[in-house]
Structures are given as C-alpha cells and as structure tokens.
Amino acid sequence: MDERIRRGAAETALVDGTGNVLSYAGLGALACTCDEFFGQRHAERVAIVGAASIEVSALIAACLWAGRTFMVIDDQESNAVRRQLIDQFAADVVLLASPSAETTPANLINKLVTVTGRDLSKAARQWDDHAVLEHSERMAVRTPQAAAYCVRTSGTTADPKLIEMSRAAIEYYCAEFVGRYGLAPGHRLALWAAPTYDAHYCQLISALASGAAGVVAPMSIRNDGDAVLQWLREARITHLETTPSILRRVASAAVRPGASWPPHLTEVMCSGEWFDPQVARQVFDAAERCGAKVGLHNEYGPSECVLLTWHQITSEDADSDDIPVGKAIAGRTLSIEPLDGQSGSSAQHPGEIVVESEYLCRGYGSEQVGSLVAFPAPNGVPVFRTGDLGYLDHHGRLRLSGRRDRTVKRRGVRINLDQVEAVLHALPAVGQAAARADEADGQVMIHVWIVPSDSRLDRVAVLTQIAETVEVRLLPDRVVIRPSLPRLHSGKVDYRSLKVADSGDEQVEVTADETTLKAVAAAFERVLPDVAITGSTDFFASGGHSLLALELSAHLERDLGVRLSIRDYLAHPTVAGLAGVVDRNRRQTPQSVSTAAPVTLGEELTSTERPIWVWSQLFPSDGALNVVGGFITHAAITEQRLRQALSDLLKDVAQLRVRYVPGRDRPRRVLHGAGVARVDVLQISASADTFPQPEVDSSAYQPFDVGADQLVRAILVRSRTEPAPVGVYLIAHHLVCDGVSMGLLVAELQHRLGTPERRTSLSSLCVLPPARPDARLVQSAAGHWSTVRRGLKAQPYDERLRPNGAAAGASVVDWRLPTQPIRELADCLSVSRAAVLITLIARAVGRVLDRDQVVVETPVSTRTPDEVRSIGNYVVDVPLLVDAAGQDTTRVIEAVNRDLLAAVDFAALVPGFGSVRPGQGWAPVGDAVVVLEDHPPAPAVEIDGVASSATQLIGSPPRHALACYFRTSALAEDITCVVTGRSDGEMARALRAGADATLTTMTKQLSMRRFGDGQRRDSAR
C-alpha cells in the first residue's frame, strides 16, 4: 500500500455507483487515523457495524493496513445478534460505519469504545501523503500468523461458527488471485460479495494490491439480471466474481434482443454453487456475438481455507454434463478420503474432500481470546474434512458429487431425502424410488421418481398409497412415474439425469365442467391470493402445502359439496385436474346421506382439535403434545394395581378413549372400547422424589400415534436403591387432556388407587365436540379473525424464532416478578392481569428482536367457568398482534385487553393460522407464547392411609422458540416467570433482561399517569 501511494497517490482505490471516489492517498490517511485511534486505546480487535458501501470497504482496508483484526457485522442484524457477535469476537472497539449503524442502542455496546466512520473520515483529512508514509513506517509489524479477520461460517454442521484467518493466508491467496486473473492498474474489480463474507476481503485486497480499482456493487440490483448487466456496463467492470445463479440471470439478459455482453468484462469467476454448463454456453455465446472474449472460471472451497481449487472453463466444458472445479491452489493439498471401506474414489464412488494446508484457519473460535476448537494437525499442518463429496477425474481435476448428508429445509422443516426414499421403498406399490430436492423461485421442492412394483398399477393407485401412508412432512411436492430409473456404472441412481417433466410420466386426464372449473379457480384465489390463477396453476408449485390444502378443501366442500383428500391434490394438483376430480366424485357419490358408524363421534374436527391434530401429523416423532402430571407416595403401588386403576378410569371416562383415525377424506373422531391400560415401569438411580429426572422426562415425552394408540398411559417410577417412595406419572395427549384437565385426572387416579370401587361423574360431560354456535356469532367471529389474519400477513416471520433442533425445554430461565405493580397496573387500567403480562413479554420480545410489532400466542378457554370446575378446561391458542414500540404503554395494554376479550368471545371459532405470515412455513404463528398458570394448592389424597403429594407438573414442551409461563396463586407475593422453548438459553436470558427493563418503564408510566390524574382532579376541585 505504501508503494501505491509513492507511485500514484491520486489514483482511484475505491469507487461506488453514486460518484464517491477514494484515492490511495485518502485510504492511507484513513488507515493512519485508525492506527492512531486504536493505538491510543490499546485496541487490537475491531467490530465494524455497517452495510455494503464504499465507507465500509474503506474501513476494512484501513483496519488491514493498520494491522488490526476485524469482523464486519451487518447493521440489519437484530440487537441480540449484534450483541452476541460482539461478545464472541471479544471486540475492543465498535466502529459504527453507516448512519443506520449509528442508531445502535447504548446497552448493546455496554462499556466498549465506539467511534463512527464519519468521525474517522473527518480526522483523516489532516494527513498529507508524506505524513501517511512516515506514520506507515512506524506502524507495528504484525506476524504472518496474526489474525487478519473473523467471519461466520456454517462449517459442516449448518451451525454458525466463527473462524479467524491469518494475514499470511489472505495475503498468499490474494497474490495467487492477482497473478491468475491478471489484475493490474487500469482494471476495475467488482466488490460483489457482501462485506460480512470473506470473499469481499479477497476481492478488496486483490484490487488494492494490484493497483486496480475496487468498485462497490449496490445490493439492490442483485436479483435483476437486466439491472446487473446495465451496472457492469456503466461501471466498466473488467473482473467479476459472483455465483452461478446470478451469472445465469446476467447471461439470460445479455442474449435478449437489443442487449449485449459488457464490452469491458473479460474475466468472470464463479463459486458457491454448482455451475450449470448451459450457463457457461450462454456466456460464451453472448460474448462471441459482440466480438468479445471472456475468461470463465469455476472455483470451489470452504471459508476455512478461503478457496481450495479453481478451473478455467473451456468450450468443451460448456458442452459437457458437468464442469470440474479444478486443481488445488498453491499452498493447499487436496485429497479424497474413500467412504464405507472403499479402496479408492471415482465418479461412481465419490469420497470426502479433505484439505491440508498451513493456510487453513486453525479451527473454530479464536486462539487470541481462548475459544479456539482446533482442527487436527497430525503432521503439524491443520487438516479439514469438508463434508463435501467428490473425486478426481483422469486429468486430476476435482469434480463435486454433493454432500455427505442429504438434508434439506423445506418450508422451515428439515427433511432427509434418504428417509423419504426409505419410506417410499417400504410401500407395496413402490418398486424403486428416488428423491431429489430442487429449488424454484426460492422455494425448495421435493421431487420423487417412482417405478411401480407392478406395471399394471397406474399413477393414481401409486399416489393413493403414498398419500395415505407417508407422514405429511415427508410428502413430495411432485411424483413422477417412470418405467425405470437412470443408473450410474455403480448401479446407484443417477440423480442428475432425472427429469421433472418427463415424457414417460403417466398422466390421468379428467375433464371438467366449465362451471366447476370457475368455482375451483375461485377457491384457489382465496387461499393463494398472490398467484395469478389459470386452469394450469399447480397448487404445490404455487406455494400451496398440506395446511392450505385443508383450507382449500373447506372452500370446495362448502361451494361444491365435494370433499377432497390430500391424495387428490397430489394426483391432480392443477385447477383443471382438481375440477375434473370434483365432477367425477359428484357422478360417483350417491345423493343419500351416509350413516356414520356407531363409534364415530363426528366427521368434523373442531377448531380446537384441528391444529393439534395437524401438528401431530406434521411431527409424529415430537412429544410436544404430551401433557404430564403425577404424584409421589410411600404407599405400596404395584404395576398391576396401577394398571387396574387406570383401566377403570378409562372405562368410565369416555373422552379418554377417543382416537383420531385417518379416513378417506379427513380424520375421524372414533370412540374405542375400554381396554387394558398401558403402564411403563421405570427404574432410576436417584430417589423417586428427587428432581429433575431426565429419565422420566424422556419416557414421558415419547409421542402417541393419535390414530392407533390409547391416548393416555402411566409411568411407575421406582428407585434402584430404595423401595419407597414411588412416583406415579400420568401422560395424556393434548387432544384428550384438555377434555379432562390433568389435575382432575391425577386426583381421580389417586382416589381409585385408594378406593377401587369409586366411580366418577365425568363420563357424561367429557365427549367432544361442543354445540354449534348461532349464526350471528359465526358471522362476528369470521369478521374478527379475518382482521387478525390481515394483520398477521403484514408481519414477516423472524427466522431467529424458528424452533431449532434443541430439545424442548433444554434451556430454562426463571425469575420472580413482584405481584404488586402488575396488580396495580391492571386495577388502574381496569384490565386483566393477562393483558398486562402479555404486553410485558411482547415489548420485551420487541426489544430483543428490534421489532415494532410482535405476535404473541396465548391459550384461551372455550368452556364456561362451571364446565372448567367440573370437567376441566379446553383451550385453544389465539394470536394477538401487539404494538411493541408504542410510546404510551397504557394504551398498548388497553388494546391488548380489548383483543384478548374478543379472542375469548370467538375462541370456539378460531381458524388455523398455519403459514399465514410470510416465511412462517410450519412454525407456530406466534413470536412467543405466554401462558398464565394459576396453581391452587392441591389437596392431599391418602392411599392406604398414606398421604401422597402432587409433583410440579412437567407440562407439555413448547413448540415455540420462546415460551413464557407465569405461575402464581392468589396468596403469592411474587409471580414466577419461566422462559423456555426450542432455542438456546441466550435468547431466553435476553428476554428476561428485556422484561425487567420493560416492567420498570411500565411502572414509571403508571406513576406519571396517576400523578397526572391527581393534578386533573385537583384542578377540577
């Protein structure tokens, strides 16, 4: 950099699309200013908060020049994520590099030194070229092993990690980059990658080190091929490094009539995705059309080694089926480790790609701050297993074959493609199966190719078996029937040769009446309002899924009187296809009303049952719908005695014998006869009255099969070391436990163990469904929930709140809130305590996520107080949209109270809210769930003259990432708040801190309101 100033201080170093230019002299002055500022504060690690801009790129270069380790944090990240990254990076200084970053809350930075990019740029104006060179010579010399930068990477497990790359690694790579692509003064290299990625630093350093100009690309154009093409032409870009998907858009735009390849663009490098040879051919053809020549390159490598291989694409590659990623870059040793005991690797048997290099990062974390988890280094040189599969062709070039795991994420749910194939192979109608995930318009679609086990089976027969057997979350988006599957020489399926639109597909033509066609199209428009509907519109390809299919079925049944099943949607996903099915079913269905079987309680699931049933089908291996209660006793409880007591209870309480059996069109509620109850005996190493008990939790949350299992079971817990006490736990599925509350069930079981001849009066009251509401209530409820739905549609789902793979309740944060201010707020505003507590959590969530609007779910009863006291509660979760940023907290509380009262009135008619919010997918609609638990003291029940004590209810594990339970009683001075959920503890702890701060603010506003009311009363007097 010193040499650049000596040769041409006024030459352009950085430029952007708005006319901002920074010379090498200006960049040197900024570097000296940073070195002076950081040195005075003994700062070595700098967190830069900002977005893609010439200012951020300049500050990155200045930090590198000044020898400081930096990390860039996007200013669009939430406060919680910024705080987490700053802490993990152990920053000494936070550099706020953009106007939006300057709004970072003070509590996010705590006592760290902060400075704005504007202040540093202003101070840099005092330096002239001579002073810059003098100061640069006095800068502390950093060792090659010193960390240059820190970035986030997913590693091989999809879990974000921090890695630090040494100065030697980045300098060596950039020297190779400059030499390979011929960068020199006069060239213009696009700084295309976002500044939070290491590719940005490679592009930046390569441009500056070669004397070329770095041109900052605007983020707004990246999804528009025409806009990118125009920018490349106007910015006179000579070198572009991007992804194949973006290059595809540029190439498509360049071959349109009147368009042409940018005349200055001579080198294009791609990485990060599979390079489609057709895109390479488009690029070559577009350049040749205007007489230009372009070098096209395919690159590959994980962030852990910056880049591993590169390859210049030839015309022969563009006409092949696959483009290699080339040979290893100097300083890197590439090897292929065979899998499954194979002796070598090939196209048919790829192995895992392994890299060994002194230019690898040393591991995950930072050695400087003591958080390093080092990679193995058996020969003194770090070795990294990439998790990618590949092989070396006969030219010694690396070719990629995918990942070791085949896990994809569709609509927020992780799905293993091998599991999909295994499920399909188990079906009698399926002879062979292959599953592949493809992306279309940003949506992951799972396509399945089937070879029937019997050639006489048609497409509908195969699809029928798939739809009736495969669990909903694994259902494919499209099924292609083929006579055979393409194979590699090894005999494995050739996935790349599979075609989604195949001439071998068996199509079932069903003609439809024009009136039916219009009615089906109108129903499509209701559930897919943002899609232009035609006769060929494909339900699943247009964003539809199984939850929306239930809603669409309801519209079609109401309008046309025909019920459709999920298999009908799979077999005939288009408007025309479903219309044909509707007409066919009308012709085949007798007009007389069929009589239900005596055991069927009702074809229609209630609004409270439907979302619970759907969740059980989406996630059959999840025990989140189990409700658990129990007691500890010194009485002599045997397995046989407990089984007899529970069997008697099942016999007397009809609701406990309900199951939900899949039918041809939809699930049926079926009442089974009383049988022998299931009792599991569990021996633990600790005493039965010692908590927590991980073994009990694990057993209690084993899921039920709602169609086949008795939805109530018991666990008898014994200690291996002492005969007494014993623990008795009752586990019920949410579908039946809400019919008879867990507290009543546990008490009833205790009484039956003590008095076997006891009978209950619950049986006549506990069978669902509730009575139909009157028409006026239905109309009012529809209007209310329609308004709620519109509000939810305007609130994009936050990916940070998507329930992760953590065990439910794995992290628990609890604390106590004083009852008095909560009660005073409720009394002063004439609202319920629930409204105050929901507002408290909503505003705390808003603080954590930096959101103005927060969606809170809370359970609301659908039964009268008398019913609750006699047979237990039956609740449904309702969403409330809360203004988390409103200045007047009291008005927010009052609005929440109004919405809560309306939700109570219309709870029995609440619809489902699956996939209502943009990006929600299968996740719950709420950002958090708030549950108010009022625990009256449980009366002691004697068994064999020995008192038993109820255990603290384990409760069903939450489906949300954030779940808040407020536990109180009438006599308690404090409210216990427990925050748990399917996320790590960081978010729960941040929520606690936000709730404490919010309660303080709410209390102050209440005091001010009281003071104002007092003044107004005095004035009135």
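This is a predicted model: local features need pLDDT of at least 70, side-chain atom pairs count only at pLDDT 80 or more; totals for chains, interfaces and linings use all residues.
Our first stop is a pair of helices. Helix 3 spans residues 54–65 and helix 9 spans residues 198–210; they pack at an angle of about 75°, and their axes are 11 Å apart. Helix 3 and helix 9 are therefore roughly perpendicular to each other. On the helix 3 side, the contact is made by S57, I60, A61 and L64, while helix 9 brings H200, Y201, L204, I205 and L208. Sorted by class, this contact has 7 nonpolar and 2 polar residues, with no charged ones.

Now let us move on to a sheet. In general, the strands of a sheet pair through backbone hydrogen bonds, in either a parallel or an antiparallel way. Here, 6 strands form an open sheet in the order 31-32-33-28-39-38, and the pairing is mixed. At its edges lie strand 31 (678–684) and strand 38 (941–943), each of which pairs on one side only. On average, neighbouring strands of this sheet are turned by 30° against each other, ignoring direction.

For a closer look, follow strand 32 (residues 712–719) and strand 33 (residues 726–733), which run antiparallel and are joined by 6 bridges. L716, for instance, has V728 in strand 33 as its bridge partner.

Helices accompany the sheet too. Helix 21 (residues 639–652) packs on it, touching strands 31, 32, 33 and 38, and its direction makes about 160° with that of strand 32. Helix 24 (residues 742–754) lies across strand 28 (626–633), strand 33, strand 38 and strand 39 (946–950), and runs at about 40° to strand 28.

Definitions and conventions: Residues are numbered from 1 along each chain as its sequence is written. Side-chain values use heavy atoms; hydrogens and water are left out. Axes are lines fitted to C-alpha atoms, for helices over the stretch in contact, and angles run from 0 to 180 degrees between N-to-C directions. Helices (H or I, at least four residues) and strands (E, at least two) are DSSP runs, numbered from the N terminus. Angles under 35 degrees count as roughly parallel, over 145 as roughly antiparallel, 65 to 115 as roughly perpendicular and the rest as oblique. Contact means heavy atoms within 4.5 Å. Ala, Val, Leu, Ile, Met, Phe, Trp, Tyr, Cys and Pro count as nonpolar, Asp, Glu, Lys and Arg as charged, and the others, Gly among them, as polar. Two strands pair if DSSP finds at least two bridges between them.
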